[in-house]
Amino acid sequence: MTAAAEAGVRIFGVRHLSPGGARHLLDFLDEHKPTAVLIEGPGDATDEIRHLTEGATRPPVAILAFTDQVPVRTVLWPFAVYSPEYQAMKWARKHKAEAAFIDLPSSVTLGLQDIMNRSRAAGPEAVPSVDQAGEPEEAEVQDEESVYSRIAQLAGEYDYDMYWERNYEHNDSSGAYQAAIHAFSAQMRELGEEKELREQPSEYAYNALREAYMRRQIQQAVASGHKPEKIVVICGAYHASALAAELPPMSDEELAALPSRSTKLTLMPYSYYKLSTMSGYGAGNAAPHYFEMMWDAMAAGKPEELPHRYLSAVAGHVRSGGTYRSTAEVIEAVRLAESLAALHGGSRPALRDLRDAAQTLLGHGDLGAIAEPLARVDVGTAIGYLPEGVSQTPIQDDLGRLLKQYKLEKYKTAVASDLQLDLRENRRVSSEQAAFLDLNRSVLFHRLSLLGISFARNRPSGQDSATWAEHWVIQWSPEVEIQVVESTLLGETVEVAAAYVLREKLQECRSIAEASVLIRIACQCAMTAQMEEGTRVLQNLAALSRDVVGMAAAARELSTILSFGDIRKVDTAPLLPLLEELFNRGCLFLLDASSVNDEAAGAMLTAMNELNGISLEHGDKLDDGQWLQELQQLAERDDRNPRLSGYACAILLERGSVSAGELAAEVSRRLSPGIPADLGAGWFEGLSMRGHYGLLSRMSLWEQLNDYINALDDDQFKRALVFLRRAFSTFSPREKTMISELLGELWGVNSEQAAEVLTGELKEEEAKMLDELNDFDFGDF
């Protein structure tokens, strides 16, 4: 016997996330008082209904199913307060009726998802994702050639959503609503079935399988003792006619043949942003907060007040932004929206009417003036809430406990918040936990970042030299919740999962720069064991390396860790010998590594700057003399990259290791007539990258540079100009003015006039000549 043959089983078709559907459904349930309420939803999640309907639960919330083996697959079933399914669950709990989900179990859904993903990869046709079946996808609704767009055009509406709202959400007659939605869904089904069979393997036609399984569950409900007329089935309108038809339910053999993956279930707070179509969720709606306002107005028995509530809320946001809008303008906007609705034969304004009225009266015709207020009222920033311990994975429970312990629960919102941390001990409090509250918060944020959980994002603190200061931007989202759940496969707590990820990264590490970064991450995450492991990995890699750039980067990371001191309560002393080894090897191979072309010299300049900084910062613990000696050798060599030789000379000059006479002799040698432009000008570029004011005080340097440039022929001058432009680009406007004045003195002209000419706008022919340098052939230098 088929489910349909069980006379009296009542099928109620709805659109997901429909306040009008939820209102009519509650009237229907009150009229028929069923003993069993069967709801389209994952069949293995029935036990979650008691948590979803618990008094402290606050939608939007979602059921999340995820595979317990990699690759991790997830699927969501979201609910808003105005979802017909959610209201049906609440009705069943209040009236002590049995409530159950009757759709395919999540294990089968995810097994089918794998098959559909393979089909999608194998063919050009797109396959609908499993959580969108039966609902028009956003791209489909917007496609000018789609059936949904044609429906809107025939109805004289702006788009399909406006058509739906006007004809179904605003339909006050329960009987007319049900008849209209069943007729509409039957016609849409004829079109949808052909498309589904064309795009999906026939043996896995997704909706057909779902409906056969739901008929099976309906049949079992009857067999368990519920009278057919006391069973109400709530499903997507697309499925209503199939469940009412005399079709066979899924057999045991068919069920056993379905693909399946081992899955787990959890509940998670959801957000209105994620429900909105702007997030890419195809089965959502564009304005979830607006539809909540509609639901509230319906629940209060005053649906006609929605335009007043909506436009007053928009005006409130406009006023909070500092722009005055009067009550009279709000009243006129309501009247305009009602007039627009009447022009389309509507009983009440639809969202599009309200937005047009808001733009005209509250934005004074400018959409940009009210775009943000409209987004706030349409979409909202609400995030759902689940009571502590409700259907959570272990890592969710652990994170919830940590957020509570570190007083971070108030940041669990969709609105981004800034949090400045001071990692130093707070001696003004009595407890140890309070004294190190910000340090513990920092450790948690760094562990979450390591896990790829985007709850907190690190930003520059504005205290560049302060190792005790951190700036974080904190924002919660459903994506964060999913990331937390997916981390369950890595460990049952945040600490264990983070340690696992770090250990895996260290095992895969193949460069000393990467190893040093991982050591710093381990320090920031307060993971001593991983710091020790990272130290061993770095020592093994450094022992065979001649990569000065990598060694300098690694040494800089270790230097940063050592600069933490005892702020992070991690013993960093074992890192000092490793820093010394990296620094010494960087010095040892500096000369050899400086035989590079101009392109590779950029990385070497960074490395030299880092090694010099480390030398200055830890000179009492490192062989500073060896560093200066290697720089001296590089500065004197003519067979190394000239920029690097010039930069070495600049460091020595800055540190007082080059006398005025020695510098004059080197300048004379490097900028003497006959020296090729790429060598002479390249060397000057390196020299000019540090200590600008020290160079400006040496008149002889500019005299020799001037004589050198004057001695170049046209081709050499063009080559030199490339280097000189790059060199002078690092000077500030004030410094460029001082150079111009110096050159004016050399040329025997008024220094102020020279500065005005040299720092003024280029002439057309000069600009054209410089543009030609962009295509200059640099050859091999």
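1. Starting with burial: of the 781 residues in the chain, 51% are buried. Keep in mind that this is a predicted model. The accessible surface of the chain comes to about 35,000 Å², and carbon and sulfur atoms hold 49% of that surface.

2. On the secondary structure, I count along with you 38 helices and 10 strands in the chain. As for how the chain comes together, take the contacts with a separation of 6 or more: 75% of them are between residues 24 or more positions apart.

3. Have a look at helix H10, which runs over residues 237-244. How many of its 8 residues are buried? The number is 6, so the helix is mostly covered, given that buried means under 20% relative accessible area. The stretch Ala-237, Tyr-238, His-239 and Ala-240 is on the buried list, and Ala-242 and Leu-243 complete it.

4. Now for helix pairs. Two packed helices are described by the angle between their axes and the distance between the axes. For helix H1 (residues 19-32) and helix H3 (residues 84-94), that angle is about 30 degrees and the axes are 8 Å apart. H1 is therefore roughly parallel to H3, since angles under 35 degrees count that way. The crossing of H1 past H3 is right-handed.

5. Which residues meet where H1 packs on H3? From H1 come Gly-21, Ala-22, Leu-25, Leu-26, Leu-29 and Asp-30; H3 puts in Pro-84, Gln-87, Ala-88 and Trp-91. Sorted by class, this contact of H1 with H3 has 7 nonpolar residues, 2 polar and 1 charged.

6. The other pair I'd flag is helix H18 (residues 394-405) with helix H20 (residues 437-450). Their axes come within 10 Å and cross at roughly 150 degrees. That makes H18 roughly antiparallel to H20, because the label applies to angles over 145 degrees. The handedness of the crossing between H18 and H20 is left-handed.

7. What does the contact of H18 with H20 look like by residue? On the H18 side sit Leu-399, Leu-402, Leu-403 and Gln-405, while H20 supplies Leu-437, Leu-444 and Leu-448. By class, 6 residues in the contact of H18 with H20 are nonpolar and 1 is polar, with no charged residues.

8. To put the two pairs side by side: H1 and H3 are roughly parallel with a right-handed crossing, whereas H18 and H20 are roughly antiparallel with a left-handed one. The contact of H1 with H3 includes 1 charged residue; the contact of H18 with H20 has no charged residues.

Notes. Residues numbered from 1 in each chain as written. Predicted model: local features only at pLDDT ≥ 70, side-chain atom pairs only at ≥ 80, totals over all residues. Heavy atoms only, no water. Helix = DSSP H or I, 4+ residues; strand = E, 2+ residues; numbered from the N terminus. Buried < 20%, exposed > 50% of the residue type's maximum accessible area, 1.4 Å probe, protein only. Contact = heavy atoms within 4.5 Å. Areas by Shrake-Rupley, 256 points an atom, 1.4 Å probe, with all protein chains shown as cover. Axes fitted to C-alpha atoms, helices over the stretch in contact; angles between N-to-C directions. Parallel < 35°, antiparallel > 145°, perpendicular 65-115°, else oblique. Left-handed = near helix turned anticlockwise from the far one by under 90°. Nonpolar A, V, L, I, M, F, W, Y, C, P; charged D, E, K, R; others polar.
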